[in-house]
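Please read the points below with the structure open beside you. They go through a few places in turn, and each can be checked by eye.

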Amino acid sequence: MNVTWDVVEVIAEQHQVPLNISRNVVRLLDDENTIPFIARYRKEQTNAMEPDKLRSILETLTEMRSVEKKIQSVHNSIDKLGKMSKFLEKSLLSAKTMHEVEILYAPFKPGSQRSLAEQAREAGLEITAENILYNGWRVNFATLIQPPPSKYSSIEEVKTGVKYIIADIIAKNTEARETINKLFLSHYVVLESKKKKTVEKKTKAGDKKAKTKPGKKHVEEHKFSNYFDFKCGIKSIKPHQVLAINRGEENNILSVKIVIPDSIKYEYLNFCRRTWIRPATPPENKNILEDCFQDAFKRLVSPQMCRFTRSELTKTAEKASIEVFCSNLKSRLLMAPLRGRIVLAIDPGFLHGCKVAVISETGQVLYTDTLYLHSHKNNVVKESEKLVDIISTNRCEVIAIGNGTACRETESVLSKCISQKLFGSQKIQYCIVDESGASIYSISTVAQKELPDMDQNIRGAVSIARRLQDPIAELVKIEPKHIGVGMYQHDVADNKLKDALDGIVQECVSFVGVDLNTASEHLLRKVSGLSSSQAKHIIEWREKQGNFCNREQLRLVKGIGEKTYNQCAGFIRINPTGNKLNLSEEVCEIEAGPSKGKKRKLKTESKQSSKKVKLEVKDGPNPLDRTWIHPESYGIACKFINQVGASMDQIGFPPFIDKVKQLVNSTSVEKLAKQYEIGEPTMSLIVTGLTQAINYDIREESEKPLFRTSVMGWSDLKVGEQLSGRVSNVTHFGAFVDIGVGTNGLLHVSEINKSLLRAKNRTNLAIGDKIEVKVVNFDVTKKRIGLSLVSFL
């Protein structure tokens, strides 16, 4: 017993990809390959599909597999009840959504109220109903009358029972369901929301608090004023509007309904007439069927489609909200690191002071303190002088200020110190850093392990500094939803949001790459293919044996088998180091790649067997391990390097890179791919990997932090003035821009010049973008600023 649809075909249709590509992607996902691995190393099979699309296909695949599993479960349940009919089975096996399955299963759920049609079936009226609908038989209803106390003790009651069954069959008919779905897509269906009457009565009586559901926080009704008399077509309604309306409804502030135009009912009834009324159908049966068509639409189809439409709108809105969150998170994680700078971080505060931490170029804590820059009980001037002394003594060049409480006041103090040239010839710049999640990190077990003897408030300042130095390495320590880059995240399912955000973190960490000898356990956990326990074992192995010499030695780590190694190998690097490896007896049998050095045989006791397994690994360094080339392509890479006429030891150095570029320019990647009998994407990846400098970081191409030396205030704002700023958040209705006045301005979608985006080959702004904006309007009282995009900086 199988469903009538093929998941590969469904994915190909929904995501508009060729059938063979859909089949390849499904196979790769079923084989438990990770998204980063597929996106980078299986481009030939996916037609170079981007990670976002792969994630979308994975979501569809997971959903369809859940539907298939649910169908099997429901089929077995109904079958055990002895109520499975050919019609029901056909409808069930053709269902493609949970909504359709639930509609079909509803009458048979344990404890559920039997439907009117089900009650009529139990009275033995189903055969009569089917004969009228399918065969056009004339029926003498008097012969079907049942003695009291039956519900069908009169001709009218029998006739009504038969009609209920026919209406149920029509509503669940596969072709009829497809027809109504198409009609909803092609017609102007409207979602309406109004202020709930109970709220209006309370407002008139002076009680402005709307009743909320238990466990929900109180929400002020004025926040939903835009939706007190709202109408919008379901095709054009925005995701944030759907989520806001849902929240208003949940808080008992709004009443919501779907308005179906009469044209849909008209066309649906015509479909029913064409399908079930034939020229030979007796007149009395035509009247019965006409009543059934009307009843099916009004009582069953229309309510079901309204619920389905609301469900689909919510599902689409949640998906769009998660996508925006993911896009913002990716931009935040991939922000350019600030290398080689000593950073002073300030976690601002009033009463309890500003927590200060000085961090070295490598992220080590050099100095910590608490300064009372804004307390009337202390000598503010003296505290400011102490701040200047800390900066000068530790030779800090950059100050990172957390954007929380007292941020503006701290920025003013620092700006004043800079303007008064209290730092002498020392050039000082400051940057406002988003501190979202820093307080959560400061009390986490990760922080306690990293900074065991430090006050938790100081840990927050340390985190702020490290976010500026290496955003991704610091932010992976915090649960993604606390990083502060999403909106409406509380309106979407936690599990969906978590899975999506975790996928983005894994993608970013993997594509940036990690140094196997310096990466923290928390960073290793996010590498494609590695689990928490495997990351822990890598750290333990490193502490016991010393630094890794090559990627191949990963196979010696407990818990890392061939499959795990294959998934993660391309995303970890072995950067040049002077440390030597100190191997002890451990490990497994591995065939060495094209790396230099002696093979070392090691023995280990298997937990499941007393047999000793010999493992061979080369303990010499392999220069290819500095690149993003996967070990499976090392053979081709070595042949290509020989053709270039260069030495592997020079990988990543300018002379080597120049030789590779010269050879590629004299031929083409396409010709090289044919020469080595590999796919063009793989050849391109090898060439790109060999033309990247040592310690190449894809984040260097991202926007740099926005540094300032002076502060602006509301009094400095003027309508029409052009200012530089940095995008701090992106939503469906626009973007928020930090222009340095303490309140982010709104750049509404209507004020974003699409030609400027097209010139940058972009479809939207991203977190971290440096842009020039014009002040359109501002309201000091409401703390609102309207902006218009002028240019990218």
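1. C396 is placed in the loop between helix α16 (380–393) and strand β7 (398–402), where helices (H or I, at least four residues) and strands (E, at least two) are DSSP runs numbered from the N terminus. This is a predicted model, in which local features need pLDDT of at least 70 and side-chain atom pairs count only at pLDDT 80 or more, while totals for chains, interfaces and linings use all residues. Residues are numbered from 1 along each chain as its sequence is written, and side-chain values use heavy atoms, with hydrogens and water left out.

2. C396 counts as buried because its relative accessibility is 0%; buried means under 20% relative accessible area, exposed over 50%, and partly exposed in between (1.4 Å probe, protein chains only). Leaving aside neighbours within four places in sequence, C396 is in contact (heavy atoms within 4.5 Å) with residues including I342, V358, Q426 and I428. From C-alpha to C-alpha, C396 and Q426 are 8.9 Å apart in space, although 30 residues separate them in sequence.

3. S384 belongs to helix α16, and it counts as buried because its relative accessibility is 13%. Not counting residues up to four places away in sequence, S384 touches L373 and V413.

4. Strand β3 (residues 254–259) has a covered face made of L254, V256 and I258, and an uncovered one made of S255, K257 and V259. In a regular strand the side chains alternate between the two faces of the sheet. Strand β1 (residues 190–195) runs antiparallel to β3 and is joined to it by six bridges, where two strands pair if DSSP finds at least two bridges between them. L254 in β3 is the bridge partner of K195.
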